[in-house]
There are 2 protein chains.
Amino acid sequence: MPNSDSSIDLQKLAESIKTFDGTSRKGPIASVSEIFKDVADAYGGCIADFGDDAAAIDIGNGDVILFAADGIWGRLIEKSPWWAGFTSVIVNVNDIAAMGGRPLAMVDVVSSTDSETFKEIFKGMAEGIKKFGVPVVGGHTHPEGEKSLSVAIIGIAKKEHIIRSDSAKPGDVVIYAIDLDGRTGPNSPYSFESVSAKTPEEIRKMYEAPQIIGQRQLATAGKDISNPGVIGTLGMLCETSGVGAQIRPADIVRPKSSENSEITIEKWCLMHPGTGFVWTAKPENAEECIRVLEEGGMTAAVCGEMTADRKVTIEDGNETAVVFDFEKDKITGIQKI
Amino acid sequence: MPNSDSSIDLQKLAESIKTFDGTSRKGPIASVSEIFKDVADAYGGCIADFGDDAAAIDIGNGDVILFAADGIWGRLIEKSPWWAGFTSVIVNVNDIAAMGGRPLAMVDVVSSTDSETFKEIFKGMAEGIKKFGVPVVGGHTHPEGEKSLSVAIIGIAKKEHIIRSDSAKPGDVVIYAIDLDGRTGPNSPYSFESVSAKTPEEIRKMYEAPQIIGQRQLATAGKDISNPGVIGTLGMLCETSGVGAQIRPADIVRPKSSENSEITIEKWCLMHPGTGFVWTAKPENAEECIRVLEEGGMTAAVCGEMTADRKVTIEDGNETAVVFDFEKDKITGIQKI
């Protein structure tokens, strides 16, 4: 249930989201996609790539293979190799879920000079594999170099069922769906962890919901919430879709204040929930979309609308503040104009 | 054409292959596969995984998705980020080729604190993409940490056409097929680079040959030659297949001594050719297998036979020396018994 809070300083909140480290880290993506653009366009049946959570490769029989990779910050591996391994599974599965796909398998590349780190990373990954039911089927280990962990994942979906990031339209509603049954993560004040205490059955039921959204074509676009947080992630979706959004922060689903008293709206907007998605939907599909997500175990609610003006603004009924203005701001820099 | 050289010290050669850094680096693979074994077996339609060049995931329509990952040694990125990027494409494409598959797409995870390194890595990858016609469709960049580069690749093949590493049988012949039209790589005395001067058409024709081998079921097993070199890589194939091999080093295809006078048999056995494969085949299929590979532009020849004794030995007609004895030695430690 959304909490109401009338004392938000909108200008300050807008500024903190825009300048947040988790958002500014997304900067290099545009220069990468620029270098690959001329060569990438020439080959293959790729129907979604940079700017989306996973690339979608048309294999010609009505199915697409979804393909994504994520690296884990070196500082998280230093703090806890087990959590780094466990988290690497979550973030990869989320990339496939956000596209409405079913995850199939993962591969990893791990570097470390000490065997204890390898062991802890792999134990964390093994726990993630058990929880999510997605196997690690291969990879590469480097017995030298600074600690690093990269994981890639593949998934599958029907071509007409995938949920892209670049297809939101003005007039769509914005729905956040987050598993609120969690707590601030043990290794970062900006992470919110909700899966480690759940059973594999609960987790798999929860992750079937986005597949149902895709199969029933209930969303016009979607993205899993990552380092930029709830509004920063929506910003990336707006940027690639070439549209804007007007959001009521008080209506963004967040943990009940009684149980997580330290999580203010301001802080929540910068947090990275373990299981959280932002969807856009035609207004007439919003109710069914929310029902499917809540039946899976997430909390979901409409908190705003997509607009034509390529600005992400936040409002409280009295005033508004601009978070991103894509006429001049960039998150990933990948724009559809 | 194989060169003849009667002055090989077999014992010394056997020892140098066995103790080679490129071979001993493969050690951690077994402990990885051990940790994942109980969880990996439980899920998914994976029909080949650890110990193979790529995992093969059955998607149920007669096709399998091939999935592999490779990391590039940090020291190569330090020496030349461009070559690291270029090489990352080659090693990944080789993993799919070794399975008889057609590569579809790659994703990458790259770390560096300086934008010049990013740019050079991506330029090298872009050149590889052009040469091999396989796009990079996504990934993740870390603007912090030690320089690292991980790339994952997917490919596709018919289920009955894939060439595994664990299916060689005693009595099969051993065929090496290597593109000898190259030179010692610019960044390591143990690399032999042959693709940078070739046209995309030449490269794609060469890489169609393993797909034809798969489609005509000409090989019983196969592997791309990697860091352990020609005999070390065969050792890995023997280890996972639970068999042995007897090899005549003088019959292993290698560069003509007039053009590459510094490449002795001893050195060649430790080198990592950019494009090189070891195949095993039923004796009656050897001729056609070699013809297909040579039509693609590689040089190929039979140089030994698979045996039942789980030892890899080298011989020159007079004496023999044991390189690996899998009753007590391990390369990856992944054994089929």
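Does F132(B) count as buried or exposed, and at what relative accessibility? F132(B) counts as buried, at 7% relative accessibility. The points below place this residue and others in a model that is predicted.

1. **An aromatic pair in chain B.** The rings of F132(B) and Y207(B) have centres 5.2 Å apart and planes at 80°, so the pair is edge-to-face. F132(B) belongs to helix α6 (residues 115-132) of chain B and Y207(B) to helix α7 (residues 200-215) of chain B.

2. **Aromatic residues in chain A.** Over all chains, a search of the whole structure finds 21 aromatic pairs. One of them is formed by W82(A) and F86(A): the ring centres lie 5.1 Å apart and the planes meet at 25°, so this pair is stacked. W82(A) and F86(A) are four residues apart in helix α5 (residues 81-98) of chain A, a separation of about one helical turn. W82(A) counts as partly exposed at 24% relative accessibility, whereas F86(A) is buried, with a relative accessible area of 0%. Elsewhere in chain A, one aromatic cluster is made up of F132(A), Y207(A), F277(A) and W279(A).

3. **The sheet of chain B.** Seven strands of chain B make an open sheet of mixed pairing, and their order is β10-β13-β7-β14-β11-β15-β16. The edges are taken by β10 (221-224) and β16 (320-325) of chain B; each has a single partner strand, so one side of each is left without a neighbour in the sheet. On average, neighbouring strands of this sheet are turned by 25° against each other, direction ignored.

4. Which sense of pairing joins β15 and β16 of chain B? Strand β15 (residues 311-315) of chain B pairs with β16(B) in the antiparallel sense, over five bridges. Within this pairing, K311(B) stands opposite D325(B) of β16(B). In general, the strands of a sheet pair through backbone hydrogen bonds, either parallel or antiparallel.

5. **Helices lying across the strands.** Helix α8 (residues 229-241) of chain B lies across β7 (173-178), β10, β11 (244-247), β13 (276-281), β14 (299-307), β15 and β16 of chain B. The direction of α8(B) is at about 135° to β10(B). Helix α10 (residues 286-296) of chain B lies across β7, β13 and β14 of chain B, and runs at about 145° to β14(B).

6. **Helix α10 of chain A.** In chain A, helix α10 comprises residues 286-295, and its buried residues are A286(A), C289(A), I290(A), V292(A) and L293(A). Viewed down the axis of α10(A), these buried residues fall within an arc of 160°, so they line one face of the helix. E287(A) and E295(A), on the other side of α10(A), are exposed. The cover over the buried residues includes β7 (173-178), α7 (200-215), β13 (276-281) and β14 (299-307) of chain A. After α10(A) comes G297(A), with a positive phi near 115°.

7. **A buried serine in a loop.** S167(B) is found in the loop between β6 (148-158) and β7 of chain B. This serine is buried, with a relative accessible area of 19%, just inside the cut-off of under 20% for that class. A polar atom of the S167(B) side chain lies 2.7 Å from the backbone oxygen of T220(B). Leaving aside residues up to four places away in sequence, S167(B) touches T220(B), A221(B) and S241(B).

8. Most residues other than glycine have a negative phi. Which phi does Q217(B) have, although it is not a glycine? Q217(B) has a positive phi of about 50°. Q217(B) is found in the loop between α7 and β10 of chain B and is partly exposed, with a relative accessible area of 47%. R310(B), also not a glycine, has a positive phi of about 55°. R310(B) is found in the loop between β14 and β15 of chain B and is buried, with a relative accessible area of 12%.

How values were computed
Residues are numbered from 1 along each chain as its sequence is written. Chains are lettered from A and ligands numbered from 1 in the order in which they are written. This is a predicted model: local features need pLDDT of at least 70, side-chain atom pairs count only at pLDDT 80 or more; totals for chains, interfaces and linings use all residues. Side-chain values use heavy atoms; hydrogens and water are left out. Two strands pair if DSSP finds at least two bridges between them. Helices (H or I, at least four residues) and strands (E, at least two) are DSSP runs, numbered from the N terminus. Axes are lines fitted to C-alpha atoms, for helices over the stretch in contact, and angles run from 0 to 180 degrees between N-to-C directions. Contact means heavy atoms within 4.5 Å. Buried means under 20% relative accessible area, exposed over 50%, partly exposed in between (1.4 Å probe, protein chains only). The arc is that of the directions from the helix axis to the C-beta atoms. A polar contact is a pair of N or O atoms within 3.5 Å; within protein, one must be able to donate a hydrogen and the other to accept it, and residues adjacent in sequence count only if both atoms are side-chain atoms. Rings of Phe, Tyr and Trp (its six-membered ring) pair if their centres lie within 6.5 Å; planes under 30 degrees apart count as stacked, over 60 as edge-to-face and the rest as tilted.
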